[in-house]
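Me: Please go through the structure below, covering its fold, its rings and its surface.

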Amino acid sequence: MGYYIVRRVILAMFVLLLVAGLTFALMNLVPGSPFLSERSQSPEVVKALMEKYGLDQPKIVQFRNYVLNALKLDFGVSLKMQKNRPVMDIISEMFPTSAKLGLLALCFAVIMGIPMGSLAAYYRGTPLDSFLRVVMTIGISMPGFVLATILLIIFGVKLKILPTMGLDSWQGHILPVIALGFNPMCYIGRLSRSSMLDVIHQDYIRTAKSKGVSAGVIIFKHALRNAFIPVLTYLGPLTAGILTGSFVVESVFGIPGLGRYFIQSINNRDYPIIMATTLFFAFLVIFMNLVVDVLYKAVDPRIDVTKGASS
């Protein structure tokens, strides 16, 4: 296991380098610079700023310098949005808001999704199963910005029972959490249903039923452990994605999180923030996939993660 983790860490470094290279290339394919939009500045001032931040150097030199500094956890300073402020300080300030919202949405998705899928599988073919499948299908097919807008209009504008902006109170968390967690909840529910259908036809489940064991004990004690492995596969990238917060949800509800700030940095061409945030997101995805692979072994010791786990 130790050798496997070391190998994955080395692979992760190459992946991050590839992500950095692609982001840098795409970012520089767009004509212009962060300072050309400021009409009040003379060409001489723009040139001086380009020289100050090293943007006048050849692209390969800029990328080399960025990678070398990033290895020392120096991701530069903001060029426009919070001028000359270290990017790491900005991420450290913005990410906790996104992480808090994401963790709440993740808990909502897991706590609601797994029982929903398990019940649908256990009562397969009943009206309850049909109803839950309709809910899961709608949730998977509905884009997050559509659900966020619907919730905002109904509960914030029409009924006026929940806040529509910010996270200043616990009530303000309700709509963003539902909007962010509803789609993952339905996807987890569908995975749980499919996995549970395979498990509940096993001999040990039939034996438990014949002994009169209650449905709750069969589902959540005996069957869920084996049915949870496919769900665990999805939880890795889901956790990474949802912890960063939803760009759309944060924008719709005016939440000052990292996702919303990332969109603003793209519009302002604040290159250091774009690069650092993209690498941060990529690191979260890689790290959570590694955590999931390690958890495979804890959930089912029969699994050899060094052979069967995905990168």
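**Fold, rings and surface**

Of the 311 residues of the protein chain, 42% count as buried, where buried means under 20% relative accessible area, exposed over 50% and partly exposed in between (1.4 Å probe, protein chains only). This is a predicted model, in which local features need pLDDT of at least 70 and side-chain atom pairs count only at pLDDT 80 or more, while totals for chains, interfaces and linings use all residues. Residues are numbered from 1 along each chain as its sequence is written, and side-chain values use heavy atoms, with hydrogens and water left out.

Me: How many helices and strands does the protein chain have?

Reply: Helices (H or I, at least four residues) and strands (E, at least two) are taken as DSSP runs, numbered from the N terminus. Along the sequence the pattern reads α-α-α-α-α-α-α-α-α-α-α-α-α. The secondary structure comes to 13 helices and 0 strands.

Me: At which residue does H7 bend?

Reply: H7 has 29 residues and spans 39 Å from its first C-alpha to its last, close to the expected 42 Å; the expected span is 1.5 Å times one less than the number of residues. A bend is the angle between axes fitted to the seven residues ending at a residue and the seven starting there. In H7 the bend is about 40°, with the proline Pro184 following within four residues, and its place is Gly181.

Me: What kind of aromatic pair do Phe24 and Phe63 form?

Reply: Rings of Phe, Tyr and Trp (its six-membered ring) pair if their centres lie within 6.5 Å; planes under 30 degrees apart count as stacked, over 60 as edge-to-face and the rest as tilted. The count by this rule is 8 aromatic pairs. In one of them, Phe24 and Phe63 are 5.4 Å apart centre to centre with 50° between the planes, so by the cut-offs the pair is tilted.

Me: Which helices does the pair of Phe24 and Phe63 link?

Reply: Phe24 and Phe63 are both buried. They are 39 residues apart, and the pair links distant parts of the chain: helix H1 (residues 2–29) and helix H3.

Me: Why is the pair of Phe283 and Phe287 classed as it is?

Reply: Phe283 and Phe287 lie in helix H12 (residues 271–299), 4 residues apart, about one turn of the helix. Phe283 is partly exposed at 42% relative accessible area, and Phe287 is partly exposed at 42% as well. The ring centres are 6.0 Å apart and the planes are at 15°, so the pair is stacked.

Me: What is the phi of Leu73?

Reply: Most residues other than glycine have a negative phi. Leu73 is found in the loop between helix H3 (59–71) and helix H4 (87–122), and counts as exposed at 61% relative accessibility. Although Leu73 is not a glycine, its phi is positive, about 60°.

Me: Where is Asn84, and what is its phi?

Reply: Asn84 lies in the loop between H3 and H4. Its relative accessibility is 40%, so Asn84 counts as partly exposed. Asn84 is a residue other than glycine with a positive phi, near 70°.

Me: How far apart in space are Leu17 and Leu279, C-alpha to C-alpha?

Reply: Leu17 is found in helix H1 and is partly exposed, with a relative accessible area of 40%. Leu17 and Leu279 are 262 residues apart in sequence, and in space the C-alpha to C-alpha distance is 8.9 Å.
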